[in-house]
Amino acid sequence: MISSCPICGNQVLTAELERHANSHFEDDEVQRDMELAQLAAVTELSTSVMDVPEPSTRPFPNGDSLSQGASSSIIRGSSPYGNALDEQISCLVGAQIRSEIQQIQGGVMNLLRSCLESEGSSSTSIISGYVDHHQSLSSEDKGWGCGWRNIQMLSSHLLRQRPETRQVLFGACGFVPDIPSLQRWLEIAWDKGFDTVGASHFDNKIYGVKKWIGTSECVTVLRSFGLRARIVDFDSTESSDLQSRSGKRVCGPMDKYLIKTNSFPTSSSGELSQEDAESMRGQQVLVDWVWNYFKSKCSDTLNNSRNVMISDKTPLYFQHHGHSRTIVGIQKQKGNRGSQDRYNLLVLDPGHRTADLERSLTIKKGWQKLVKRGVHTLRKPQYQLCYVDPGIANSEEMAELKTIDSILIRF
């Protein structure tokens, strides 16, 4: 027998009527799974990188509908890319999932600020205004996901602090996506023609792959939305594994935070081995750069205390061999009896549990071990930093941003 569905009016077999009617009330999770399945199928049809036209200034439209999670029909027809890539983008905007984090009451940066203020006037600290801590989870990404977690921490700052970024980042969804969604965004960036060298390194496939990523992949994702993401290399070797895969090194605005100096701290005997002297020089070059970076744009507001200032600069994606973290500020402690000032990088580590971080910051006990990294800990021969300049790139800049290069600072 044939019956009419009370929801859509379609004619279906009476025996199938109940199942058909219930299908109209599938929950959000089932619908999301269907959209992700559609996205996976479309990915197999994605166009070649060499055939992708130049992107527009803003590949995603503005609008409140997108901020609530756009449907695939909103973007269709407005993108300069091929139909398959259009479908990937529009489907991902609606299907991406918010990254789950443990909320810290008052915010991690407010707690950190309170701890730094409690240390007294002998130190001066400069910190970012807002960052969420994203920890690696043993059930998801322990051992390989630190790079993705740092992208999430940097993105949390951009979405909160920069309105122009919020309008374009991740399709203007207004939240930080989970790692699988970020992996899809990276594949889409490769399909748009960003970092073709890096794409070939991963065989143009990263979704569902448990591989380490670095600053190049962070920059690629952010640049694909028109953000002016930059990389700076600190390198004491002749050949660097951390250098951009394009092999291109340029001179540009990032070296303005560098102070050239030949003064080093000395031991009680006044002598240093050449190896120790070179190591200290490299350490000081890096921390001087970080200090001047955050100090160059401190907010001139009443929110600043005597010994803690808030910087408008983005946090720094901090990469070295084997691990990466997020630098959210820097502290300078006055030296005693004429000795040199001491610096501590202030970092959020994806490898630390958010609960442990919150507890130590709240009770102001043990937090230094989790957050502070003294200059003496910088023993690696190579480091990379990544940050984001203000504004959204125009169409001419977008073409230039496709090649991932970096500033090289030798020490």
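Which strands and helices do the buried residues of α5 pack against? In this predicted model, they pack against the strands β3 (123-128), β6 (308-311), β8 (323-333) and β9 (342-348), and against the helices α12 (354-363) and α13 (367-371). The protein chain as a whole has 14 helices and twelve strands, and 50% of its 411 residues are buried.

**Overall chain**
- Among contacts with a separation of 6 or more, 73% join residues 24 or more positions apart.
- The protein chain exposes about 19500 Å², and carbon and sulfur atoms supply 48% of that area.

**Helix α5**
- Helix α5 spans residues 108-117 and is mostly covered, with seven of its ten residues buried.
- The buried residues of α5 are V108, M109, L111, L112, R113, C115 and L116.
- An α-helix has 3.6 residues a turn, so residues three or four places apart point the same way.

**Nonpolar cores**
- In soluble globular proteins, nonpolar side chains tend to be buried together.
- The largest nonpolar core holds 39 residues.
- Within this largest core, the residues with the most contacts are W148, L169, F170, W185, L222, F225 and L227.
- Six elements each supply at least two residues of this core: the helices α4 (83-95), α6 (146-161), α8 (179-192) and α10 (215-223), and the strands β4 (227-235) and β11 (382-392).
- Helix α8 gives the most to this core, contributing six residues.

**W148**
- Not counting residues up to four places away in sequence, W148 touches I179, L182, Q183, L186, I206, K211 and I213.
- W148 is also one of the residues with the most contacts inside the largest core.

**C298**
- C298 lies in the loop between α11 (274-295) and β6.
- Is C298 buried, partly exposed or exposed? C298 counts as partly exposed because its relative accessibility is 24%, and the partly exposed class runs between the buried limit of under 20% and the exposed limit of over 50%.
- Leaving aside neighbours within four places in sequence, C298 is in contact with I126, M309, I310 and S311.

Technical notes:
Residues are numbered from 1 along each chain as its sequence is written. This is a predicted model: local features need pLDDT of at least 70, side-chain atom pairs count only at pLDDT 80 or more; totals for chains, interfaces and linings use all residues. Side-chain values use heavy atoms; hydrogens and water are left out. Helices (H or I, at least four residues) and strands (E, at least two) are DSSP runs, numbered from the N terminus. Buried means under 20% relative accessible area, exposed over 50%, partly exposed in between (1.4 Å probe, protein chains only). Contact means heavy atoms within 4.5 Å. Accessible areas come from the Shrake-Rupley method with a 1.4 Å probe; for residues, only the protein chains shown count as cover. A nonpolar core is a set of buried Ala, Val, Leu, Ile, Met, Phe, Trp, Tyr and Cys residues joined through side-chain atoms within 4.5 Å.
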